[in-house]
Structure formats: structure tokens, C-alpha cells
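Please look at the sequence and the structure shown here before reading on.

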Amino acid sequence: MSRKQIRLAAHFPGVNSTTVWADPRSGSQIDFSSFEHLARTAERGLFDFFFLAEGLRLREHAGRIHDLDVVGRPESITVLNALAAVTDRLGLAATVNATFNEPYELARRLASLDHLSAGRAAWNVVTSSDAFTGENFRRGGYLDRADRYARAAEFLGAVRELWDSRSPGGEPGAFAHSGPQFRIEGSFPVPRSPQGQPVVIQAGDSAEGREFAASAADVIFTRHSTLEAGREFYADVKGRLARYGREPGDLKIMPGVTYVLGDSDADAQERAAGIRRQQVSPQNAILALEQVWGRDLSGYDPDGPLPDIDPDPDSTLVQGRVRVADPVAVARKWRALSEAKGLSIRQTVIESTGRQSFVGSPATVAAALEEFVATDAADGFILVPHLTPGGLDDFVDQVVPLLQERGVFRTEYTGTTLRSHLGLPDPVWKGGTP
Amino acid sequence: MTSDRPLHLAAEIASGAGPDAARRTLALARLAEAAALDFLTHDDTFAGPGLDALAVLARIAPETRSVGLVPTVTTTHTEPFHVQAAVATLDWVSRGRAGWRIAVSPTGAEARLVGRRPAPPTAELWQEAGEVAEVSRKLWDSWEDDAEIRDVTTGRFVDRRKLHHVDFQGATFSVKGPSIVPRPPQGNPVTVVDATRPAARDTAAHHADVALISAASAEEAAALRAELHRGARAHGRDPGQLCVLLSSTVDLDVYEGGAGALAELIAGWHGGGAVDGFHLVPAVGERDLERFTSETVARLRERGLFRTDYEGTTLRDHLGLARPVSQYAKAGASA
């Protein structure tokens with residue numbers, strides 16, 4: 001019997017606290033050559049897709065633009081259209097916000113990408129919570145949590161109606177959508193795209209996010225966790241599919257993961273520790289502390305002990321980034337860790353935040369990845385390298401061949417579209433006159 | 001004196017919505033590039049038809065090397081922040097060859113595709129388009145060229161003093177900034193405005209690097225060019241930085257005297273100071289662009305009027321336009 005196949009995607013390591021820029025091998029986060037290198041590497045590794053995140057406002061800290069991590073990125077769909085010219089099979093996924101866009105324009109842009117890439121487009125649907133980001137847009141304002149998902153769900157539904165308004169036979173169709181969020185009508189100008197329905201990804205772990213994904217997404221981009229928590233999440237999400245008339249295979253669960261390879265497990269652990277020190281500079285350690293405490297802690301020594309004052313729960317110090325949910329509890333945990341092990345501020349932050357998901361020799365990492373997939377903790381992974389543009393090279397050269405030997409990863413692309421790579425069923429055309 | 005003015009040539013290449021749109025567009029772009037044309041336009045409206053123009057030109061950017069890429073981008077029902085980011089990104093993926101031709105969406109049918117507001121009168125749409133052009137320049141400038149420092153000692157990736165909020169307040173929208181995209185290779189991608197309609201003319205005079213006009217005679221073209229230059233001066237601009245091209249749909253099958261006569265007309269109008277060049281809208285894409293590049297351009301070269309190869313790498317280089325210094329860098333220097 002054939003073994004459960006692993007899906008792999010590559011996340012461009014740009015604006016991300018795990019991206020190491022203070023390394024001689026770190027290249028540009030904006031030159032097209034960096035995107036081209038990563039995408040070609042992912043395609044050489046026969047990956048399912050290449051993934052771009054989105055940011056619509058530069059992050060701010062204490063009213064000033066955050067300057068310690070990589071800043072600046074291109075507009076996703078435009079870069080992916082260019083990458084369609086230098087790749088042949090690789091799926092191309094853009095994160096695009098449903099709060100600060102409109103269904104007609106985005107449906108057209110994604111259908112265009114699907115045509116220009118011959119069926120390789122994907123859309124990662126995200127929503128935005130804050131008036132801070134809204135200051136860059138006509139739409140402006142703030143949506144509370146429930147409204148964000150209501151808007152996103154209706155947005156996605158409208159986009160799917162637009163895609164389906166053109167029949168597979170090619171006749172131009174009219175559309176009319178009327179709901180609480182959108183009242184739109186007209187004629188959709190793009191012929192039905194190669195995938196019919198480009199792949200839809202949903203990022204988010206909340207109950208609303210899971211339900212939204214179960215109802216409408218093809219892939220869920222989730223947080224990586226332990227095997228046990230992964231299985232629980234997997235079972236929960238797959239269990240929600242039946243009520244929408246969907247099969248378990250219709251939604252792929254792909255956690256975002258980091259990795260560090262070495263000649264041996266010990267060597268990899270040593271490298272991983274070195275990378276953590278690069279990721280958490282002394283300045284970043286103080287910043288991480290301020291994000292929990294919500295206070296100006298610039299006077300503290302990163303190599304000294306943690307502050308004994310408590311966090312400010314109502315702080316607005318951090319903007320453009322998700323606030324820590326329960327700062328007082330986090331602070332208590334960090335203090336306990338620091339006291340138990342005698343750790344400085346920087347050591348505590350390194351120990352407490354963002355440890356790499358998979359660390360080891362290529363054989364160790366390949367086995368661990370397979371275990372997650374074989375035991376239904378995931379269907380695959382969105383890999384987040386820590387270096388631009390060479391961060392995926394070692395994985396493709398050293399881990400992919402081992403996964404292939406184990407019979408859990410493709411040895412060639414068998415289809416041309418992203419839907420075919422992911423093993424998704426052909427979409428059922430739901431078009432017709434409104 | 002006028003003979004020292006370089007001649008600029010451009011062509012429209014929108015080639016339909018079919019599944020082979022990328023391949024056909026690329027074939028036309030290569031024809032134009034082999035003839036060393038300044039740039040290609042790809043027309044579009046908010047309602048289509050066909051694929052998004054900026055997407056099509058991004059798709060062919062890696063497969064071309066020198067020719068400028070100018071999609072039509074509408075400003076009425078789009079977000080200025082997204083629009084400027086997409087144009088800046090086209091500049092990044094083409095390594096400094098991007099422009100955008102600003103257009104508005106005057107129809108009720110276009111307004112109903114979004115359903116947010118009825119279509120305002122055309123004059124207001126062009127006023128808003130001007131504001132989108134202005135905020136786009138501010139956002140492109142909101143990262144100074146040397147904002148990225150990667151200073152390991154202080155742990156700083158950027159010098160935040162070189163990133164600027166733009167705090168733009170227009171009549172219909174506001175933008176805080178800065179952009180998410182670092183300053184593009186050209187500093188400011190090239191702004192093209194179709195000024196054939198009077199409603200667009202003041203916006204062209206105020207914001208365009210390249211204005212397209214239509215005229216039945218050299219005298220009419222000269223008068224329009226003078227009007228645009230006066231407008232530019234009134235807006236405090238150097239008219240030498242506003243390039244005026246005659247835009248005309250040409251069917252070389254029926255054009256009297258053929259491709260050679262077209263070369264004579266271009267040479268005459270350019271030499272007489274009526275225009276800075278010509279924007280060809282081929283009646284039949286493949287046929288007319290092929291004849292234009294092989295015959296008309298060849299004739300202009302014989303007369304020493306048009307470049308035989310690209311001399312620079314960016315669209316600004318081709319057009320003889322300076323790469324602008326960030327407006328915020330200037331403000332900083334004088335502060």
C-alpha cells in the first residue's frame with residue numbers, strides 16, 4: 001500500500017523575526033534575484049508551492065518604526081506573476097487581506113495569476129484587526145473579530161461566485177452578489193482560469209478560523225506544535241469537514257515550520273543555538289521583553305536579570321503586530337524560567353521564544369517529518385528558512401532525497417496545476433445566471 | 001537645436017484575454033525590444049476585458065531586458081496604497097523599467113463592480129487620479145535610498161530616520177505610510193497620462209513624465225504640447241521633464257504611403273518641435289508592430305533620428321529623465 005504523501009511548501013524568509021540578516025550569507029529581501037533563487041530551489045525540490053506573506057503597514061514600537069528585523073517587501077501578486085516566468089510547475093501563493101481589498105478586483109488579479117502561471121495560483125486569505133493598518137486605506141477603520149470573519153467568509157464566497165461566473169465553455173457570464181458586506185454586479189472579464197478555482201489557503205488557529213477553513217479552504221496554514229497537539233488539531237479540523245459535505249482529503253493541514261540541519265544531531269543542535277543567538281540580538285531581547293511588558297525597558301541590561309515590575313496590560317506600545325494574549329502570565333513564566341536556570345534577559349528570550357521546529361541530521365529531520373504526517377498530525381509543511389536566498393538549499397539537497405527514498409514524497413511532478421500537486425478534486429462549476 | 005532632442009518611440013501591445021495572452025504579449029514585447037523602443041503600454045480598464053495589465057507585464061518582465069513596461073492602472077475603485085506598491089514591485093521585478101498609465105473609471109457599470117460609491121463626474125475622477133499620483137510619489141520616496149543599513153553593531157536593519165510617514169490627506173482618501181516596498185530602482189517609476197481628453201490635461205501637466213496626445217496636424221500637436229508645458233510650469237515643474245508623445249492608431253495596410261510615410265510624418269513633427277515622439281497603437285498587433293519596427297524605425301534610424309540600441313538600463317534612462325532624489329531626503333538636508 002502506498003504511504004501517505006507529504007506536501008511541502010516554501011515560505012519566503014523576508015519580514016519575519018526568524019529571518020537572520022546579520023549573516024554574511026544573507027542577501028536582499030527585495031531584489032527579484034532572491035525570489036527567483038528561492039522559487040527555483042523549491043521547484044528543484046518538487047515542492048507543492050511557494051508562499052509569500054503580506055504586511056500592509058510597517059510595524060511600530062513605541063510610536064517609532066521597528067528597526068531591528070528585516071523591513072520591506074514587494075507586493076505579492078506582482079512578484080508571483082514574474083516568478084511564473086522563471087518556474088514551470090511550482091504553485092504560487094499570495095497572502096492577501098480580505099479587510100483592505102474588494103472581491104471583484106482581487107478575483108480578477110488572482111484569475112490573471114492563474115492564467116499567467118498556467119494553473120498555479122493560490123490565495124492565502126487573512127483578515128486584519130487593527131485601525132493602525134487601516135490608516136493606509138480608503139476603507140480605514142477597525143473590524144471586531146466576528147466581523148472580520150463574517151467579511152472574510154462573504155468575501156471568499158463572492159470571489160468564488162466571480163470565478164464561477166465564467167463557464168468552463170468560455171462564455172462570459174454576469175454576476176450579482178448581494179449580502180451584508182458586498183452588493184456587487186456586472187460581468188467578470190477574465191475567462192475561466194486553468195484551475196477554475198485557484199487554491200485557497202486559510203491561516204489561523206482560532207475556532208472561527210478552523211470553521212472558516214473547514215467550510216471553504218483547500219489548505220490550512222497553522223502553527224506548528226507537538227505531535228499530540230498536532231493530532232488533536234488535525235482531528236478537530238478534519239472532523240468539521242463532513243458538515244460542509246467535504247471529504248477529509250479536501251483540506252490539507254500544513255503547519256509552518258523552521259528547521260536546522262547538521263552533519264550530526266549534535267552538530268545541528270549547536271548550529272541551532274548559534275542561529276537563535278543571531279535571531280535574538282541584545283536589542284531584540286529587550287524588544288521581546290517590551291512586547292510582553294508593554295513598557296519602555298530600554299534601560300535594562302540584556303545580559304542582566306529580568307525586571308521585577310509587572311506588565312502594563314493596557315499598553316499600546318506595540319503596533320502592527322499581534323499583542324501577547326496574557327502578558328502577566330507570560331511574564332510570570334519567564335521570571336520562573338530565569339530564576340530556575342539563572343538566565344539573563346537575552347538567554348530567557350532565546351529559551352522561551354521560537355525555538356526551531358526540526359533540528360537534526362537530514363535523516364533525523366526526514367524521519368520526524370514523516371512521523372508527523374504518518375500519524376496524522378499534519379498533511380505537510382510550510383518550511384520557513386532563516387536565510388535569504390540560500391536558506392532552502394540544504395533542505396532540498398539533503399532532506400528531499402531521503403523523503404523520496406522513504407516513498408513519502410514525489411520524485412517528479414505528475415500534474416501541471418497546483419490543485420493536481422495537492423491532490424485536490426476538480427472544482428465543481430457552480431456558475432450560471434444569478 | 002531641435003535636432004539634438006532625442007526621439008522617443010513606444011507601442012501598445014494589449015493582446016486579448018485568451019489562454020495564450022502571455023505568449024502573444026511576450027512575442028510583441030520582443031519585437032519592440034529588438035527595435036529598442038522606449039516602452040510598451042498595455043491598456044486596461046477596471047472592467048477589463050481580459051487579464052490585469054500590470055500582471056501581464058510583470059509576467060513578461062523576466063523574459064525581457066531593456067524595454068520599458070507601462071500597464072494601465074486605474075485609480076477610481078482601487079486602493080492607492082496597493083496601486084503604488086504594485087507599480088513599485090513591477091519596477092523591482094523589471095530592474096527599473098516600470099511605468100504606469102493612470103486611468104479613471106467613469107462608468108456606472110464599473111462602479112457597480114465594487115458597489116461602494118456611484119461614479120463621480122469625470123473632472124473629480126481626474127482630480128482624484130492626480131492625488132493618487134501624488135501620494136504614490138510620496139510613498140515611493142517614503143523610503144530614502146539608503147534607509148537599509150544592516151548595522152550589526154547596533155542591531156538595526158534600517159535607519160528609521162530615513163523612513164517617513166507621508167500623512168497624505170486627499171479629498172476622498174488618506175494614507176499614513178510609509179510604503180511597505182523599499183524605494184524602487186528608478187526612485188519613481190514613470191508616470192504616463194493619456195492627455196488626449198481635456199479632462200485629463202491638467203493632471204498630465206501636473207504629474208506626468210510622459211503625456212500622450214492626439215492631433216490632426218503638427219500645428220495642433222505643437223499647441224497641445226505648449227499647453228502642457230505651460231501647465232507644468234504653472235505647477236512649478238521643469239517642462240523639460242515632461243515628454244509629449246503623439247498617440248495614434250495606425251493600420252499600416254491602409255496608411256497612405258505606408259510605413260515609410262509614417263516615418264516622414266514622425267520625423268517632421270518631431271523635428272518641428274510639435275512632439276517628442278510617437279506612441280503607436282497598432283490596428284492589428286502582430287502585423288502593424290512588425291512593420292513599424294522593421295520599416296518605420298529603420299527609416300528613422302537611417303536619418304540618424306532614433307537610437308540603434310539601448311544606451312541605458314532603466315526606462316528613465318531611455319526617456320532622458322533624471323532619477324529623482326527622495327523628496328524627504330531633500331527636506332532632511334535643508335532641515
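Within chain B, 74% of the contacts with a separation of 6 or more are between residues 24 or more positions apart, where a contact means heavy atoms within 4.5 Å. The model is predicted, so that local features need pLDDT of at least 70 and side-chain atom pairs count only at pLDDT 80 or more, while totals for chains, interfaces and linings use all residues. Residues are numbered from 1 along each chain as its sequence is written, chains are lettered from A and ligands numbered from 1 in the order in which they are written, and side-chain values use heavy atoms, with hydrogens and water left out.

Chain B has 11 helices and 12 strands, which are DSSP runs numbered from the N terminus (helices H or I, at least four residues; strands E, at least two). The radius of gyration of chain B is 20 Å, close to the 20 Å that the globule rule gives for 335 residues, so chain B is as compact as a globular protein of that length; the radius is taken over C-alpha atoms, and the rule is 2.2 Å times the number of residues to the power 0.38. Along the principal axes, the C-alpha atoms of chain B fill a box of roughly 65 × 45 × 45 Å. Of the 335 residues in chain B, 59% are buried, that is, under 20% relative accessible area with a 1.4 Å probe and protein chains only.

The structure also holds 6 cavities of 30 Å³ or more. A cavity is a set of points on a 1 Å grid over the protein atoms alone where a 1.4 Å probe fits but cannot get out, and lining residues have an atom within 4 Å of a point. The table sets out two of them.

| Cavity | Volume | Lining residues by kind |
|---|---|---|
| Largest | about 310 Å³ | 9 nonpolar, 6 polar and 6 charged |

Among the 21 residues that line the largest cavity, the closest to its centre are A:Glu105, A:Arg109, B:Asp52, B:Val73 and B:Thr78. At least two lining residues each come from α3 (103-116) of chain A and from α2 (53-60), β3 (68-74) and α3 (80-93) of chain B, and the largest share, 5 residues, belongs to α3(A).

The second largest cavity is lined by 16 residues, of which A:Glu54, A:Leu56, A:Glu75, A:Ser76 and B:His82 are the closest to its centre. Two or more residues of this lining are given by β5 (91-97) of chain A and by α3 of chain B, with α3(B) giving the most, 3 residues.

Conventions. On a 1 Å grid over the protein atoms alone, a cavity is a set of points where a 1.4 Å probe fits but cannot get out, and a pocket is an open set with protein on both sides within 12 Å along at least five of seven lines; lining residues have an atom within 4 Å of a point. Grid points are joined across faces, edges and corners, and a volume is the space filled by probe spheres set on the points. Ala, Val, Leu, Ile, Met, Phe, Trp, Tyr, Cys and Pro count as nonpolar, Asp, Glu, Lys and Arg as charged, and the others, Gly among them, as polar. Buried means under 20% relative accessible area, exposed over 50%, partly exposed in between (1.4 Å probe, protein chains only).
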